[in-house]
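Keep the structure open beside you as you read.

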Amino acid sequence: MSRRILVVGDVMTDVIVVPEGPIVKGSDRRATVRSRPGGSGANQAVWLGAMAADVVFAARVGHADKAMYKNYFRGLGVVPALAADREQPSGVLVTIVDPDGERSFLTDRGANLNLCAEDLPESLLDDVGLVMVSGYSFFAPGPRAAVQELFGRARARGIPVAVDPASVGFLVEVGVAQFLSWTEGADWIFANESEAEALTGVAGYEAQMRALGQRFGTVVIKRGRLGAALGDRDGVRVMLPAPVVTVLDSTGAGDAFAAGFVAAHLAGDDETTALGKGIAAGARAVQSIGGQPG
């Protein structure tokens, strides 16, 4: 099996806001404000690059930013396959980080909303061992049609596909039943407990595992501070705890986890080892600000 990974997803500029305390409506609050590259798909690709994985990243960016982003990704070990959009600027995400490390998002997806089938040619699948798609790509009609066509081509070639739901808010907005119909049959799903509960309507990772296993080949549930679990329709096969670390920012932790797991899996590690490496990557991610390796 090829070790090359094709990641499809959003490119965003993350504007990260860390207030010194609760936001005061109608008044000021001192805060640290930083801007850096982000986006769920971009985060996964960059984490994979940091792990020396063979990774190709396909996305759409504003025309003015294409050269900058190509150089950025190449410098981080990622092969960029970027389309340029002359109508929309690159996406922007404002992240407000609470004192406990939890975050809230304000999203302008910009050029990402215009991802189309022409941006994902058949040649992208050459020598690929796994296709990873961020759930954000399913939340708008154009990108959804593009990635569904890509999924069909991947399956025709016998290439496994993986989905990360990415956003509870958008899952609820588009409808859980719709999202499941668009993604059912994927070989892998990486979901946190909130996403898993939204998708299944049941509480508890063991019940969620069995429910999601009816629709996806292998289920990985990210449990944050409690670690992660892996299994299928028959239930949990592996469950590991997470190390105790100081959480500065949970942005991108799930992306880092998925990258750590996938890199290990395609390198030949068994499920337990791959799950442990995913957890370790997620733990590393929460100890720095931003969604990509510090």
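In which strand is the place of V56? V56 sits in β4, a strand made of residues 55-62, where helices (H or I, at least four residues) and strands (E, at least two) are DSSP runs, numbered from the N terminus. Before going on, a word on the ground rules: this is a predicted model, with local features needing pLDDT of at least 70 and side-chain atom pairs counting only at pLDDT 80 or more, while totals for chains, interfaces and linings use all residues. Residues are numbered from 1 along each chain as its sequence is written, and side-chain values use heavy atoms, with hydrogens and water left out.

Back to V56. Its relative accessible area is 8%, so V56 is buried; buried means under 20% relative accessible area, exposed over 50%, and partly exposed in between (1.4 Å probe, protein chains only). If you set aside neighbours within four places in sequence, V56 is in contact (heavy atoms within 4.5 Å) with R4, I5, L6, V7, V79, A81 and L124. F73 is 17 residues from V56 along the chain, and 9.6 Å separates their C-alpha atoms.

Now jump to T218, in strand β11 (residues 218-222). T218 also counts as buried, because its relative accessibility is 13%. Not counting residues up to four places away in sequence, T218 touches D187, W188, I189, L230, G231 and R237.

D127, in the loop between β7 (103-108) and β8 (128-134), has a phi near 65°, a positive value in a residue other than glycine. With 58% relative accessibility, D127 counts as exposed. A166 is another non-glycine residue with positive phi, near 80°, and you'll find A166 in the loop between β9 (161-164) and α4 (168-174).

On to the helices. Two packed helices are described by the angle between their axes and the distance between the axes. Here axes are lines fitted to C-alpha atoms, for helices over the stretch in contact, and angles run from 0 to 180 degrees between N-to-C directions. Take α8 (residues 253-266) and α9 (residues 271-285): their axes come within 7 Å and cross at roughly 150°. That makes α8 roughly antiparallel to α9, given that angles under 35 degrees count as roughly parallel, over 145 as roughly antiparallel, 65 to 115 as roughly perpendicular and the rest as oblique. Residues meeting across this pair include F257 and F261 in α8, and L275 and I279 in α9.

How do α6 and α7 lie relative to each other? The axes of α6 (residues 193-200) and α7 (residues 205-212) come within 10 Å and cross at roughly 55°, and α6 and α7 are therefore oblique to each other. On the α6 side, E193, A196, E197, L199 and T200 meet Y205, Q208, A211 and L212 in α7.

Finally, the cores. A nonpolar core is a set of buried Ala, Val, Leu, Ile, Met, Phe, Trp, Tyr and Cys residues joined through side-chain atoms within 4.5 Å. The largest one has 42 residues, and L48, F57, F73, M132, F190 and L275 have the most contacts inside it. The biggest giver to this core is α8, with ten residues. There is also a second, separate core of 38 residues, with A58, F138, F151 and A229 among them.
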